[in-house]
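Thank you all for coming; I would like to walk slowly through one model this morning. Please keep the picture in view while I talk.

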Amino acid sequence: MNNAKMGNPAVVGLAGFGLTTLLLQFHNLEVMGLGPVVAMGFIFGGLAQFIAGLMEQKTGNNFGFAVFTAYGAFWIGLGSIWILSHLGIYTASGTDVGFYLVAWTLLTAIFWVGSLFIHTAMVLTFSTLLAGFIFLDLGHFGFPVFNKVAAVTLIICALLAWYMMATIILNELAGRELLKSGKAWIRK
């Protein structure tokens, strides 16, 4: 039997989610183009996060498995929508994307409930993600000012995801708790 210690796949999943989310919000705030977002949406936010989810499944972490594979698929799906629109194969309207986002809002609400059983950092990350999706939903269905509100909210979400990544990496390297994640809001 191999007793070698395995790395924690959550660090890659959180890094990919945070970086791709951050880049998209810079695009939504109109400070950068869409190209880097599409590239990272397929590679780091999509493929790497999806692989991290599959690795979470091997550790028995159903929450990590579901979250990372789902949001990896989200980024690949969103990148596909952009590419198909760019190539003129199918031009997605604002409401088409809006319905895509509403579906992801509903799934995120389920994950948000699950986060309540984990720790405060996870709850804050999913709270800002859920709020960001709700703002994007509003922005795509007639209230475009909410897209900017969503961008700021989701920048906070991305930084919170990176905080959790840093917590895992730095606490392990230090051999002690340098960064805290907080307690579960609901006990099992």
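Predicted model: local features only at pLDDT ≥ 70, side-chain atom pairs only at ≥ 80, totals over all residues.

**From a surface patch to a ring cluster**

Let me begin with Leu124, which is found in helix α5, residues 120–140, where helices are DSSP runs of H or I with at least four residues, numbered from the N terminus. Residues are numbered from 1 along each chain as its sequence is written, and side-chain values use heavy atoms, with hydrogens and water left out.

Is Leu124 buried or exposed, or something in between? Leu124 has a relative accessible area of 38%, so it counts as partly exposed; buried means under 20%, exposed over 50%, and partly exposed in between, using a 1.4 Å probe and protein chains only.

Phe126, in contrast, is buried, with a relative accessible area of 4%. To talk about Phe126 we need ring pairs: rings of Phe, Tyr and Trp (its six-membered ring) pair if their centres lie within 6.5 Å, and planes under 30 degrees apart count as stacked, over 60 as edge-to-face and the rest as tilted. By this rule the model has 15 aromatic pairs. In one of them, the ring centres of Phe63 and Phe126 are 5.7 Å apart with the planes at 65 degrees, so this pair is edge-to-face. Because Phe63 lies in helix α3 and Phe126 in helix α5, the pair ties together parts that are 63 residues apart in sequence.

Phe126 also pairs with Tyr71, with centres 6.4 Å apart and planes at 45 degrees, so that pair is tilted. Here too distant parts of the chain are linked, since Tyr71 is in helix α3 and Phe126 in helix α5, 55 residues apart. Ring pairs join Phe63, Tyr71 and Phe126 into a cluster with other residues, including Phe74, Trp75 and Phe133.

What else does Phe63 touch, leaving aside neighbours within four places in sequence? Phe63, in helix α3 (residues 62–86), is in contact, meaning heavy atoms within 4.5 Å, with Phe111, Gly114, Ser115, Ile118, Met122 and Phe126. Of these, Ser115 is 52 residues from Phe63 in sequence, yet the two are 8.6 Å apart in space, C-alpha to C-alpha.

Conventions. Helix = DSSP H or I, 4+ residues; strand = E, 2+ residues; numbered from the N terminus.
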